[in-house]
Amino acid sequence: NAIKEQDLGAAGRINSQTALKIGAIAGSQYLIQGTVTQFEPGESGQSGRVGIPIPGVGSVGIGGSKITSKVAMQLRIIDLTTTVVLSTHKAEETATHKSIGADVYAKGFSVGGDQFKKTPLGETAEKCVSKCVDHIVSVLGNQPFRARVAAVEGKTIIINAGTNRGVSAGMPLNAMKQGKTITDPDTGLALEVQFTKTATVKVDSVSEKTAKCSLVDG
């Protein structure tokens, strides 16, 4: 929707003073891809029914069944800066739900049936997604903090991260230069990107979205 709004402004149909600027979308550091590989809404397991005779009417049948659902997802986490696939992960979840149904048999006709059966698919999918989220948190939690140099004013280095990303005064940061990229000869995908430390900076002051740093060495 944001892209459509930008395109609409670029087409000249919106007042130039209020139109959104093209190229102002913030880039992402990581891409998370998820694919549902197995989706079983419900597989009936054990079931049974008991008939209770009613004089002058026929009988009432009361029964139950046990249903099992299964969801499986394949997950990939990609570093968009280096295009390296950080992790692949498969999550699976099953859940069992018991249901009860009833019917009435009277004068040769059967009414009702297992009308109240429902599958635990929603619960199963939610638990599977939760497993994927736990994996994402564990993987990205081990990735190094990254910020970019936004400006240099004299001896002051301004980076594009502040209190919104947990930066605090006194924090030391390493300046890294991206070097050689090792690629897979079969797929052409990046396998590893080498970085070289070039300097150390110290955070002097912090605002919400930026921080001012000074050079310590390098």
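**Surroundings of His135**

In this predicted model, His135 touches Leu75, Ile77, Ser87 and His89, leaving aside residues up to four places away in sequence. With Ser87 there is also a polar contact, in which the two side chains are joined at 2.7 Å.

His135 belongs to helix H2, which spans residues 121-140. The residue counts as buried because its relative accessibility is 16%, and buried means under 20%.

**The chain as a whole**

The secondary structure comprises 2 helices and 9 strands. Along the sequence these elements follow the pattern α-β-β-β-β-α-β-β-β-β-β.

The chain has 218 residues, and buried residues make up 22% of them. Among contacts with a separation of 6 or more, 56% are between residues 24 or more positions apart. The chain exposes about 14700 Å², of which carbon and sulfur atoms supply 54%.

**The largest pocket**

The largest pocket has a volume of about 1100 Å³. Its lining consists of 32 residues, and those nearest the centre are Phe145, Arg146, Ala147, Arg148 and Met176. By residue class, the lining divides into 18 nonpolar, 9 polar and 5 charged residues.

At least two residues each come from strand S3 (84-106), strand S6 (156-159), strand S7 (172-183) and strand S8 (190-206). The largest share belongs to S8, which supplies 6 residues of the lining.

Technical notes: Residues are numbered from 1 along each chain as its sequence is written. This is a predicted model: local features need pLDDT of at least 70, side-chain atom pairs count only at pLDDT 80 or more; totals for chains, interfaces and linings use all residues. Side-chain values use heavy atoms; hydrogens and water are left out. On a 1 Å grid over the protein atoms alone, a cavity is a set of points where a 1.4 Å probe fits but cannot get out, and a pocket is an open set with protein on both sides within 12 Å along at least five of seven lines; lining residues have an atom within 4 Å of a point. Grid points are joined across faces, edges and corners, and a volume is the space filled by probe spheres set on the points. Helices (H or I, at least four residues) and strands (E, at least two) are DSSP runs, numbered from the N terminus. Ala, Val, Leu, Ile, Met, Phe, Trp, Tyr, Cys and Pro count as nonpolar, Asp, Glu, Lys and Arg as charged, and the others, Gly among them, as polar. Buried means under 20% relative accessible area, exposed over 50%, partly exposed in between (1.4 Å probe, protein chains only). A polar contact is a pair of N or O atoms within 3.5 Å; within protein, one must be able to donate a hydrogen and the other to accept it, and residues adjacent in sequence count only if both atoms are side-chain atoms. Contact means heavy atoms within 4.5 Å. Accessible areas come from the Shrake-Rupley method with a 1.4 Å probe; for residues, only the protein chains shown count as cover.
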